[in-house]
Amino acid sequence: MNPAQGWPFWLRLISAALLGAIAAFGLAPFGIWPATVIALILLSPLFLTTETRTRAAWLGWAFATGYFAHALSWIVEPFLVDVQRHGWMAPFALTFMAGGLALFWGLAFWLVRRPDSDGVSQAVFLAISISLLEFARGYVLTGFPWAGLAQVWVNTQVAQLLSLFGPYGLGAVTLLATLPLGAALSRRDGYVVPSVLTVGTACFALIYAMSRPAVTDTDNVVRLIQPNAPQHQKWDPDYAPLFFARQLEFTASAPRPDLIVWPETSVPAWLGSAQPYLTAIADAAQGTPVFLGIQRGDGPRIYNSMIYLDEDGRQQGLYDKHHLAPFGEYVPFGDILAQFGIYGMAATTGNGFSSGPGAALMDAGKLGKALPLICYEAVFTQDVLSAPGRADFLLQITNDAWFGTRSGPYQHLAQAQMRAIEQGLPMIRSANTGVSAMIDPLGRVTAALPLGQAGFVDATLPSALAPTVYARLGDAPVFVALLALYALLSRNARRQQR
């Protein structure tokens, strides 16, 4: 018998929210994936006690709100950089973000709840429904796929399934391996098939991980620069020259690498007036090419950009960030909202930054082709999939000072690791305050600088693997399969009601 059957509804809602908060312990920096697995298993009995679709929706919303409130607690950090200007927004940001994202889960619960149906089949239906709504969360209104369930498997062998199914597919696998099992155990019957599914999934993941090809290294050494400039001091005229000088010192240090990477917006000048700074960087680099982040203007538009300086210090490449952070780098209807004192946190005008033309490859000399990703873009697998060709490595520059020193920077690193596994490509990651890292095509961090430490690290660039199944096919096969299963289960549910 389901132990939660006789509980009042308010107690079930609180229990769901607590389970959601516990599930978030699977994410970085904790990485306690069993917490996520157990929470999802225990979610099914609560779901099966709901008497109506409306109550099911509230229960799903409560679980997801608890999950996202814990997972995204770092989101208050950017509002505390300039407390007088943005501090009042912090509680609203977390509340509306967690509750808003949870609406996708609430809808998933509402769509599938049929109290007269078998518990295990209901749980399977729920897993499919949540998985489809997770696709929507990653794409609707520019998307926000942060804290997806697949992220809990980073640094485990299960994460290698990303190279087959991608993040949404691995999230679906996670749900299918937990929710039906929880439903079966709550009824104390019919648990053989769900148990076999769970154990079989685990065995398949382990066997597949062992079959992945070995990673070899190139002969190229990359220097990752980490100035550790706190956000409240980053643009302060009294401190900005010190941070720039620190980066020059790291750049000039011996021995000479094959490539140097500075983080996002690491030059304290706009590109149009930055020649003295670029000359100083080229002199410090002593013939080594440099990727660096800088802001630039083009008439009334401003861009968050990355440039490439070749061996002679000449600019040979330019990339403009195209996937901007809403309410961070731009505000919808920003010129109107600016009249009420509402600006994007990184914006310098009402509407903030403009989007670049899209994903592109940049020539990195003898290292090959780089796929540039600026900060937030590494969260979106679709931004990597939309590249115009196959890169030799992924290149992320970021200013994670916005994310504080708790969970945000570590979750951002975990998502960079996911992109490497999905594509079978190494990832070079330079972050202002950390964590700067070299990541191999299996998602393993081979060299890193700790969070909150100024310095540099010289790391050997791993070789790329062959394109993965996911790199070749993308999200379409998983989405179509989930949609087909949803249609089939929905039809069967309607037949049972007749």
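This is a predicted model: local features need pLDDT of at least 70, side-chain atom pairs count only at pLDDT 80 or more; totals for chains, interfaces and linings use all residues.
Let's begin close to the start of the chain. Helix α1 covers residues 9-23, and R12 is found in it. Is R12 buried or exposed? With a relative accessible area of 3%, R12 counts as buried, because the cut-off for that word is under 20%. Who are its partners? Leaving aside neighbours within four places in sequence, R12 is in contact with A4, W7, L46, T49, T50, E51, R55 and L59.

Now move along to two helices that pack against each other. Two packed helices are described by the angle between their axes and the distance between those axes. For helix α7 (residues 162-176) and helix α15 (residues 408-423), the angle is about 135 degrees and the axes are 8 Å apart. That angle makes α7 oblique to α15.

How many cavities of 30 Å³ or more does a search of the whole structure find? The search gives two. The largest cavity has a volume of about 220 Å³. It is lined by 19 residues, and P145, G148, L149, P167 and Y168 are the closest to its centre. Here you meet α7 and α15 again: along with α6 (119-139), each supplies at least two residues of the lining. Helix α7 gives the largest share, five residues. The lining of this largest cavity has nine nonpolar, seven polar and three charged residues.

The second largest cavity has a volume of about 100 Å³. Of its 15 lining residues, K234, F243, Q247, T265 and S266 are the closest to the centre. Helix α11 (residues 240-252) gives the most to this lining, with four residues. By class, the lining of the second largest cavity divides into nine nonpolar, four polar and two charged residues.

About 300 Å³ of space lies in the second largest pocket. Its lining has 19 residues, and W153, V158, T198, T201 and A202 lie nearest its centre. Helices α2 (33-48), α7 and α9 (192-211) are the elements that give two or more residues to this lining. The largest share, five residues, comes from α9. What classes of residue line this pocket? There are 13 nonpolar and six polar residues, and no charged ones.

How values were computed: Residues are numbered from 1 along each chain as its sequence is written. Side-chain values use heavy atoms; hydrogens and water are left out. Axes are lines fitted to C-alpha atoms, for helices over the stretch in contact, and angles run from 0 to 180 degrees between N-to-C directions. Angles under 35 degrees count as roughly parallel, over 145 as roughly antiparallel, 65 to 115 as roughly perpendicular and the rest as oblique. On a 1 Å grid over the protein atoms alone, a cavity is a set of points where a 1.4 Å probe fits but cannot get out, and a pocket is an open set with protein on both sides within 12 Å along at least five of seven lines; lining residues have an atom within 4 Å of a point. Grid points are joined across faces, edges and corners, and a volume is the space filled by probe spheres set on the points. Ala, Val, Leu, Ile, Met, Phe, Trp, Tyr, Cys and Pro count as nonpolar, Asp, Glu, Lys and Arg as charged, and the others, Gly among them, as polar. Buried means under 20% relative accessible area, exposed over 50%, partly exposed in between (1.4 Å probe, protein chains only). Contact means heavy atoms within 4.5 Å.
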